[in-house]
Each structure stands twice: as structure tokens, then as C-alpha cells.
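Keep the sequence and the 3D view open while you read.

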Amino acid sequence: MAKTATRLRGKSRTHAFWLMVAMFGLACGPVGDAIAREDAASPARFTLRQIGNKWTLVDPRGRPFYSLGIAAVDMKGNPDRKGANLYAAPIKDKYDTPPDWAAVQQRRFANWGINTIGAFSDTSEFARRGMPYTVLIRTTDPTSDLWSPEWEQKARSEINRVAALHRNNPALVGYFIDNELPGGADLPAPRRPGNPDALLMGRYFQNQSGRAVLVAFLKGRYARPAELRRDFPSAQITGHSWNDLDFGRVRLGEQVTEAGKDTLDAWAAKMAERYFSVTAGELKRADPEHLCFGHKFTAVTPREVVGIAGG
């Protein structure tokens, strides 16, 4: 494979460590001898506390908490590769009510050492029983224009709605925001059918608010559209001026120069700054007392994006 066809490089690889940090079922800090002082004020919620030289997740009573969780806990189940759902029907037959089902599952989890209900779950019954849980807030999708007023309002509305449901529950560990977005926070799109690299830039040529931001970004990196074409030789970029430029719906990354890779990473960082400034900012206003775990990334995420998320 030609050098220009290589999309992954050291600069853009996310270490396994960062993926572990963002995993559902967050695990924080060894307990060991790092026991919270008896005179330490109880936080009355899950939070972080510095014990010695380490930041540790602590429970509402101020004790170090090692969170071991399972995601997607609900009575509905999921279809297998053949489309058959082998869980939902027998579970419905076995348990009379959701509380009956949840009570049994909680006892099973306790025997297994599972102490947290992860995101994508039906948390209502477990939360009522005081079992720690996390919540996923969905604010966007791969077609969203992150610079549009409509998206910002949608994100604000959904964050406020979810926070209102959970912010007063002491069993809430924290929130995740969205999941594996190929064109939102997780910006170089993973190599999956239907998720071409055009999600990074191409779709923004069709979105009024985002197009203005993207064109200004490209003009800051290239004197003329012809120079942009040289960095993406396999992309069918149409138009001869900045006003009529269009990437279409093609895969940008089949052949990209090193300068083109830098452009993609810089645009990814710019999108991440916009995405996290809105989502994390709104969540901080909606629920300033609970933890924001941010976004669960996929493997193909620039370090710049991870760094912005951390900020």
C-alpha cells in the first residue's frame, strides 16, 4: 500500500489506556490503605476525592468505590445475528413485573461482584433500590451540524431533560455523552460500511452553519482549492472556488498526503472543541454536582480530540 494511502499513524492512534478510561463500568483507584478519613465530609453523591496522591472515585458516604458495571441491562434483550431475540419472551413469562425481574438481577449481580448498572440500561428499578448506575445522554448523530442553532438547542434540551430525571438520585455515579460518533466527537470515522471519511468534512458542505466554519478553516490552511485537491488525490472534489467547493459523499482517506492527514486531524480537533464546549458546558449547568465521564471513543481517534475531551 502506498504511503499516501495509510490512514492510521502514531499521531492519530489512541492508546488502549485512553479507551479504558472511557469504558462503561468505570473503575477508579485501588482501595488498599487509601481509606477516606473518618472526619472527611460525606459528599452525599458519587464524586472524586484526592486521597494521598491519587484521585479516587468515592461513594455518597465518602468511601473509595471500585465501580464494576455491565451495560445494556434491560428486559428487552437484543436480537442475535439471525434476528432472533432469545431473551425477551422467556423473561416476560418468568417474571410478573419489572420490579420482580430487577430484584433477581440485583441479587445475581451482587454474587458476581457487579456493583454498577452501566449505560444503555433500564436503570429505573435499580436506581430505586439504590444500586449505583450511569446514564447515557444522546445529543447528536452523524448527520448533525454541530454549528447549527438547531443542534445546540436539541443538545441543551436533551441534557436538561435527562439531568432533571437523575440529578437528585444519590445512586447516580455520572453521565456519559453520546457513543462512538463517527462524525461528532470521534472524528476520523472508523472503517465501517456506511461511515466514510466524508463524514468529517463532506457533509458540512451541505449544512449552512457548518459550511461557513469549514470553508473558513480550509481557507486558513490552503491558498487555493487546487492545493486542497493535491492533499486528497482520490477524493472527487468539485468546484473551482471556495464558494462552490464540494467534497460530495466520497471517502477522503483512500489516498491522503501527510499534509492532508494533518488537515483531517485539525478539523477533528475543531469539531471536538465545538462539541465538548456545548455538551459538557450544558451538563455542567444542568447538573453541577455529578460526574461527567464524557464520550466513549473508538480506536481511531486523534490524540488532539482526546486531549480536548480531557479539558
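Which residue forms a salt bridge with E289? The partner is R45, with the closest N and O atoms 3.4 Å apart. E289 sits in the loop between α9 and β7, and R45 in the loop between α1 and β1, so the pair ties together parts that are 244 residues apart in sequence. Note that this is a predicted model.

**Salt bridges**
- A search of the whole structure finds 14 salt bridges.
- E289 is partly exposed at 42% relative accessibility, and R45 is partly exposed at 23%.
- E258 pairs with K261, with the closest N and O atoms 3.0 Å apart.
- E258 and K261 are three residues apart in helix α9, so about one helical turn separates them.
- E258 is partly exposed at 36%, whereas K261 is buried at 2%.
- Shared partners link E152, R156, R274, E282 and R285 into one salt-bridge network.
- E227 and R224 also meet in a salt bridge, at 3.3 Å from N to O.

**Nonpolar cores**
- The largest nonpolar core has 56 residues, and L218, L228 and W267 touch the most other members.
- Helix α9 supplies the largest share of this core, 10 residues.
- Another core of nine residues lies apart from it, including F46, L136, F176 and L291.

**Helix α7**
- α7 has 12 residues and reaches 17 Å from first to last C-alpha, close to the expected 16 Å.
- Buried residues in α7 include G210, V213 and L218.

**β1–β2 hairpin**
- Strands β1 and β2 run antiparallel and are joined by five bridges.
- L48 has L57 in β2 as its bridge partner.
- Two residues lie between the strands, and G52 in the turn has a positive phi of about 70°.

Key. Residues numbered from 1 in each chain as written. Predicted model: local features only at pLDDT ≥ 70, side-chain atom pairs only at ≥ 80, totals over all residues. Heavy atoms only, no water. Core = buried A, V, L, I, M, F, W, Y, C linked by side-chain atoms within 4.5 Å. Buried < 20%, exposed > 50% of the residue type's maximum accessible area, 1.4 Å probe, protein only. Helix = DSSP H or I, 4+ residues; strand = E, 2+ residues; numbered from the N terminus. Pairing = 2+ DSSP bridges. Expected span 1.5 Å × (residues − 1). Salt bridge = Lys/Arg side-chain N within 4 Å of Asp/Glu carboxyl O.
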